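Take a look at the chain below. Some questions and answers about it come next.

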Amino acid sequence: MATWIFQDIERLTDQESLKASLIAHRLVDAGAVVHNHPAYCLDRYGLQRALFTEGINSFETYRADECRTPNAWPVFVRTAGDHWPHNGQLI
């Protein structure tokens, strides 16, 4: 049986997320390995926060509505749905 990895989970609507979870459940029930089950995995922000907390990432991730002050500069700003690599230009 195959191994499955779902991509761009944070881009899914609630209805699409539910469908992806149902598909993942069916895959697991059929004996497949699902590494990031949509019903249980962290979104991009949650994963980046967890990696920083565990000391794996050296950079922090913030949401604009958290009102926290970054502890390092420069700060790179992007929207939650932006998946393109940072181009190095400072704003």
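Predicted model: local features only at pLDDT ≥ 70, side-chain atom pairs only at ≥ 80, totals over all residues.

Q: How far apart are the end C-alpha atoms of α1?
A: α1 has 16 residues. At 1.5 Å a residue, the helix should span 22 Å. The computed distance agrees with that: 23 Å.

Q: Within what arc do the buried residues of α1 fall?
A: The buried residues of α1 are Ala20, Ser21, Ala24 and Leu27. Seen down the helix axis, they line one face, because they fall within a limited arc. An α-helix has 3.6 residues a turn, so residues three or four places apart point the same way. The arc for α1 is 120°.

Q: Which residues are exposed on the other side of α1?
A: The buried residues of α1 have a cover that includes β1 (3–4) and β2 (33–34). The other side of the helix holds exposed residues. They are Gln15, Leu18, Lys19, Arg26 and Asp29.

Q: Which residues does isoleucine 9 contact, leaving aside neighbours within four places in sequence?
A: Isoleucine 9 belongs to the largest nonpolar core. Its contacts beyond those neighbours are Asn36, Pro38 and Cys41.

Q: Is cysteine 67 buried or exposed?
A: The structure holds zero disulfides. Cysteine 41 counts as partly exposed, at 27% relative accessibility. Cysteine 67 has a relative accessible area of 72%, and the cut-off for exposed is over 50%. Cysteine 67 is therefore exposed.

Q: How many residues apart are aspartate 43 and arginine 63?
A: Aspartate 43 and arginine 63 form a salt bridge, with their closest N and O atoms 3.7 Å apart. Aspartate 43 sits in the loop between β2 and α2 (44–53), and arginine 63 in the segment after α2. The pair links distant parts of the chain, 20 residues apart.

Q: Are arginine 49 and glutamate 60 buried or exposed?
A: The two side chains meet in a salt bridge at 2.8 Å, N to O. Arginine 49 lies in helix α2 and glutamate 60 in the segment after α2, so the pair ties together parts 11 residues apart in sequence. Arginine 49 has 19% relative accessibility and glutamate 60 has 18%. With buried set at under 20%, arginine 49 and glutamate 60 are buried.

Q: Which residues do salt bridges with shared partners join into one network?
A: Arginine 68 forms a salt bridge with glutamate 66, the closest N and O atoms being 3.4 Å apart. Shared partners extend this into one network. Its members are Arg49, Glu60, Glu66 and Arg68.

Conventions
Residues numbered from 1 in each chain as written. Heavy atoms only, no water. Core = buried A, V, L, I, M, F, W, Y, C linked by side-chain atoms within 4.5 Å. Buried < 20%, exposed > 50% of the residue type's maximum accessible area, 1.4 Å probe, protein only. Contact = heavy atoms within 4.5 Å. Helix = DSSP H or I, 4+ residues; strand = E, 2+ residues; numbered from the N terminus. Expected span 1.5 Å × (residues − 1). Arc of directions from axis to C-beta. Disulfide = S-S within 2.5 Å. Salt bridge = Lys/Arg side-chain N within 4 Å of Asp/Glu carboxyl O.
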